[in-house]
Amino acid sequence: MRIHPSDNVEVREDGQKYALCEIKKGESVIKYGFPIGYATKDIAAGDKVSPENLHSALAGKGEWTYQPAETVPVGIESGSFMGYLRANGEVGIRNEVWVIPTVGCINDVAKELAAKRGAKALTHPYGCSQLGGDLLTTQRILCGLIKHPNAAGVLVLGLGCENNRMEDMKAMLGEVDPARVRFLSIQDCEDEIEEGLAILDELKAIAAADQRVELPISKLRVSVKCGGSDGYSGITANPLVGRVMERFAAYGATVLMTEIPEMFGAEQLLLSRSKDAEVFERGARMIKDFRQYFIDHGEGIADNPSPGNIAGGISTLEEKSLGCVQKAGKVMLCGALDFGERPDADGGLYMVNGPGNDMVAVTNLAASGAHIILFTTGRGTPMSAAVPTLKISTNSPLARKKPHWIDFDAGVLLEGADMDTLAGELFDLCIEVAEGKESKSEARGYYDLAIFKDGVTL
């Protein structure tokens, strides 16, 4: 690379990023120390680099080798927070009652019941007219949410004639606390509202008796997500969140990260932090399978970033991905989880299967047991998961424009703020939220659920 940081580079036109040296047509363009594509024409030092002269080099399923890289120590610190200890040993940071329908055609009943009793209705359009893998995914996601420890009680609401049969859901759920997980098939009762409200009253009474107790930070599952990214995402908010994840890992907490297509182009960097060769192979297989999903549908694996990402300064998927994976810091990769799966041990980083789509991604994280989601954004979004979702802005103008969306401003890093100091502040905010402080989206009653679909609808 012909880069001389001491040289002055004259910027000759408006843009978001510029060449520090001459780049010949066909040569790799390097950012974050890795290629973000190749030059489609000669680029002079000081020229802007954009989709006009930069193209993704991504193709095929990809091949990577296990080259162990440095990771941060896990579980070397001890600390506590005030949370809810469940009978099965799980830990919750909220004590809510949820209504979860097995099928979309009873969403309005679920909403009515929840509204009358101050519960959350986690509605979705699926559960009927589904077959094979799609039905299984719906069941896994719903089971993961039903067993989420942030819910002190859950009313599972069924219709009675759907593909997603109540008996199948019960079999997949396995052992649950019968006092806190209740089932109602509304075709089997005369007045589903009356019976549903009676169950919710019982669940609310049980939840009211729960008290916060001191619990180890190691029991927390903290997750990361980015959406509406811009050219600052990989410079401010994402590396800041990565520092925070390293702090949580030091306490033995678990880190969850999804958006598998937004690992395309950054696979070697991420997978080299695997605990061992077996974890490396598992993670590589998940990424290859998602690349194959694109190929099977006749789509290019580099058909990302979105128009908003491009307008914000991201030119290729490699550039987006290399910024995206920074949210995990240097936490050791310990596993790869399918839809609704939970980590088999506390501590370390786990990949969670699923796309980059914001609503699907946060749903997958919640279904895998995430207590809290740190969501970085350069463009802004009010969207939230069923679990507390903290919005971290990549730039200060967004934080000033949307103070009712943004929980934390990482844009001050561009004004000289210290990264470690800011990471400490964000870590403290996460603990406050774990102990009951509402996120901006929680305070407005925002939460969303969406389930991944890839098959026939009957």
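This is a predicted model: local features need pLDDT of at least 70, side-chain atom pairs count only at pLDDT 80 or more; totals for chains, interfaces and linings use all residues.
Contact here means heavy atoms within 4.5 Å.

Alanine 207 lies in helix H4. Setting aside its neighbours within four places in sequence, alanine 207 is in contact with Asn95, Val97 and Ala152. One of these, valine 97, is 110 residues away along the chain, yet the C-alpha atoms of valine 97 and alanine 207 are separated by 7.6 Å. Residues count as buried under 20% relative accessible area. Alanine 207 has a relative accessible area of 9%, so it is buried.

Helix H4, residues 192–208, is also one of the elements against which the buried residues of helix H1 pack. The others are strand S6 (96–101), strand S7 (120–121) and strand S8 (151–158). Helix H1 itself runs over residues 107–117, and its buried residues are Asn107, Val109, Ala110, Leu113 and Ala114. Why do these residues lie on the same side of H1? They cover an arc of only 165° around the axis, and therefore share one side of H1. In general, an α-helix has 3.6 residues a turn, so residues three or four places apart point the same way. The other side of H1 carries Asp108 and Ala115, which are exposed. After H1 comes glycine 118, with a positive phi near 65°.

The next topic is how helices pack on each other. Two packed helices are described by the angle between their axes and the distance between the axes. Helix H2 (residues 132–146) and helix H10 (residues 358–367) have axes that come within 8 Å and cross at roughly 55°. Because of that angle, H2 is oblique to H10. From H2, the residues making the contact are Ile141, Gly144 and Leu145, while H10 supplies Thr363, Asn364, Ala366 and Ala367. Sorted by class, this contact has four nonpolar and three polar residues, with no charged ones.

A second pair is formed by helix H5 (residues 237–250) and helix H12 (residues 419–434), which pack at an angle of about 65° with their axes 9 Å apart. The crossing of H5 and H12 is right-handed. On the H5 side, the residues that meet H12 are Pro239, Leu240, Val241, Arg243, Val244, Arg247 and Phe248. On the H12 side they are Met419, Asp420, Leu422, Ala423, Gly424, Leu426, Phe427, Cys430 and Ile431. By class, the contact of H5 with H12 has twelve nonpolar residues, one polar residue and three charged residues.

Note on methods:
Residues are numbered from 1 along each chain as its sequence is written. Side-chain values use heavy atoms; hydrogens and water are left out. Axes are lines fitted to C-alpha atoms, for helices over the stretch in contact, and angles run from 0 to 180 degrees between N-to-C directions. Helices (H or I, at least four residues) and strands (E, at least two) are DSSP runs, numbered from the N terminus. A crossing is left-handed if the near helix is turned anticlockwise from the far one by less than a right angle, and right-handed if clockwise. Ala, Val, Leu, Ile, Met, Phe, Trp, Tyr, Cys and Pro count as nonpolar, Asp, Glu, Lys and Arg as charged, and the others, Gly among them, as polar. Angles under 35 degrees count as roughly parallel, over 145 as roughly antiparallel, 65 to 115 as roughly perpendicular and the rest as oblique. Buried means under 20% relative accessible area, exposed over 50%, partly exposed in between (1.4 Å probe, protein chains only). The arc is that of the directions from the helix axis to the C-beta atoms.
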